[in-house]
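This briefing sets out the contacts in the structure shown below.

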Number of protein chains: 2
Amino acid sequence: MQRFKVGELVVDSGTPILMEGSNSPQLFTVLHGMGLRYKILSNGRRQVVSLIFPGDFLGLQAGIMGEMGHSVEATTKMTLCVFDRSEIWSFFKERPERAFALTWLAAVDEHFLGETLSTLGQRSAIQSIAWALVRVFSRGQSLDMVHNGKMPFPFKQQDIADALGLSLVHTNKTLGKLKEQQLAHWSDGTLRVSDLETLAKIAMVDDLTPAKRPIL
Amino acid sequence: MQRFKVGELVVDSGTPILMEGSNSPQLFTVLHGMGLRYKILSNGRRQVVSLIFPGDFLGLQAGIMGEMGHSVEATTKMTLCVFDRSEIWSFFKERPERAFALTWLAAVDEHFLGETLSTLGQRSAIQSIAWALVRVFSRGQSLDMVHNGKMPFPFKQQDIADALGLSLVHTNKTLGKLKEQQLAHWSDGTLRVSDLETLAKIAMVDDLTPAKRPIL
DNA sequence: CGGATCATTGAAGTCCCTCAAGTCCTGTGG
DNA sequence: CCACAGGACTTGAGGGACTTCAATGATCCG
């Protein structure tokens, strides 16, 4: 991969990285930090498409289709590994195993988007929030970010509300219920899950084994 | 592509084609007919992930990740072009331009899933249904299925309800409103859109040009 | 200390859901 | 030929999950 690597980029929290509709000349993989993918509708409402963790690949749509379908923003300080979009094609020609890994990543993303879709369409508010926390915590575990049952979770309640299609108020009250029941505490940027089993049951998640992801 | 083609498959309406969690040895592209991608949650509710039109590729997740994230079912009689899953790898090694097209398809799917997510999360019922009809009609136009403002649309109201996370009853009443306003009529398996502009405005869709899709 | 941002809580309203019938159509069997 | 059953669509009524509006704390920072 070193051959295609252009350099590293460090951005502050709040920095826009990719814009919906743009054709970025650069693609990224996340080395450190967290972020958000989101879309803004013409009525001003925001849909958070996914949370971004280390290891995620950013800009596939621009790289392949020539146009991003969503925007990407840094939630914390992030460091990114930068690639040149124009190299993508030589990628496919000369490094088929890497091209395959790229497609794998796309397939994994698609898989999770399907899960998210099911959440927005079919789960109640408490089920949705439980699902989101289970998802985040599982991902955190596989990234070794969990220590003593806690992991960093630097998002705002508004972010989760926008991710789940709920209002901020209702998101807050529903988080309160999970806290009351001693299932999950989230405050000051850290998430503590006390009873992952029960949380997963509420969330209607049956498979807690994290999905395999290729490394670029 | 002929080299990789195993054969053609014709299935009746209602036939399951791929099952969630399975690792199908076969992949398909749709030559004729329509179908559904869907997931079933443990509480029995169904989320329709997308409608399937001719030209769609089925089984990418099984081909790449080894496991389908959703099921696929035929809504009409369908004829499918069948490929061997084990050929995917040689695909990447020997036909990089085809591998690229495959990844392109994955990226397009991901793009549309993001749109769908925004619909479930941020649009009201009438906006959602208008959005779905605009999407279907646009796709129909680019596939030359539209004649005299009409196109075949062989789904049930329950399918659309499950796709948008709405109840059947409310879906029915909302479709009624669009009919009242002379914007779209859907009955007996055919969809007639009288005023695509206005429908798109309700749906908050600003770009009516259909997305480019590669052909496999 | 004033301003900004985020979290929290109360109250009122509404969009959408569930429950429940009823219609229309098609196919099937007596 | 008619009775009946099943499936999809339609319509009405009532209730509830979630939204919006509004106000208050809490924390941080120039």
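In this predicted model, a backbone N or O atom of Ala125(A) lies 2.8 Å from a phosphate oxygen of DNA strand D.

**DNA strand D**

- Sugar and phosphate make up 67% of the atoms of DNA strand D that come within 4 Å of the protein.
- From chain A, an N or O atom in the side chain of His170(A) is 3.2 Å from a phosphate oxygen of DNA strand D.
- From chain B, a polar side-chain atom of Lys173(B) lies 3.1 Å from a base nitrogen of DNA strand D.
- Helix 6 of chain A and helix 6 of chain B each give two or more residues to the surface near DNA strand D, and helix 6 of chain B gives the most, with four residues.
- By class, the surface near DNA strand D has six polar, four nonpolar and four charged residues.

**DNA strand C**

- Of the DNA strand C atoms within 4 Å of the protein, 70% belong to sugar or phosphate, and the rest belong to bases.
- Two side chains of chain A approach phosphate oxygens of DNA strand C: Lys156(A) has an N or O atom at 2.8 Å, and Asn172(A) has a polar atom at 3.0 Å.
- A base nitrogen of DNA strand C lies 3.2 Å from a polar side-chain atom of Lys173(A).
- Helix 6 (168-180) of chain A and helix 6 (168-180) of chain B each supply at least two residues of the surface near DNA strand C; helix 6 of chain A gives the most, with four residues.
- The surface near DNA strand C has four charged, four nonpolar and six polar residues.

**Interface of chain B and chain A**

- On each side, 44 residues are in contact with the other chain.
- Two salt bridges are found across the interface; Glu115(A) forms a salt bridge with Lys39(B), with the closest N and O atoms 3.1 Å apart.
- Between the chains, 11 residue pairs are in polar contact.
- Strand 5 (46-52), helix 1 (60-65), helix 2 (88-94) and helix 3 (96-122) of chain B each give two or more residues to the side that touches chain A; helix 3 gives the most, with 21 residues.
- That side of chain B has 20 nonpolar, 13 polar and 11 charged residues.

**Ser50(B)**

- Ser50(B) lies in strand 5 of chain B.
- Ser50(B) counts as buried because its relative accessible area of 18% is under the 20% cut-off.
- The side chains of Ser50(B) and Arg37(B) are joined by a polar contact of 2.8 Å.
- Not counting residues up to four places away in sequence, Ser50(B) touches Gly35(B), Leu36(B) and Arg37(B).

Definitions and conventions. Residues are numbered from 1 along each chain as its sequence is written. Chains are lettered from A and ligands numbered from 1 in the order in which they are written. This is a predicted model: local features need pLDDT of at least 70, side-chain atom pairs count only at pLDDT 80 or more; totals for chains, interfaces and linings use all residues. Side-chain values use heavy atoms; hydrogens and water are left out. Contact means heavy atoms within 4.5 Å. A salt bridge is a side-chain nitrogen of Lys or Arg within 4 Å of a carboxyl oxygen of Asp or Glu. A polar contact is a pair of N or O atoms within 3.5 Å; within protein, one must be able to donate a hydrogen and the other to accept it, and residues adjacent in sequence count only if both atoms are side-chain atoms. Ala, Val, Leu, Ile, Met, Phe, Trp, Tyr, Cys and Pro count as nonpolar, Asp, Glu, Lys and Arg as charged, and the others, Gly among them, as polar. A residue is near a molecule or strand if one of its heavy atoms lies within 4 Å of it. Buried means under 20% relative accessible area, exposed over 50%, partly exposed in between (1.4 Å probe, protein chains only).
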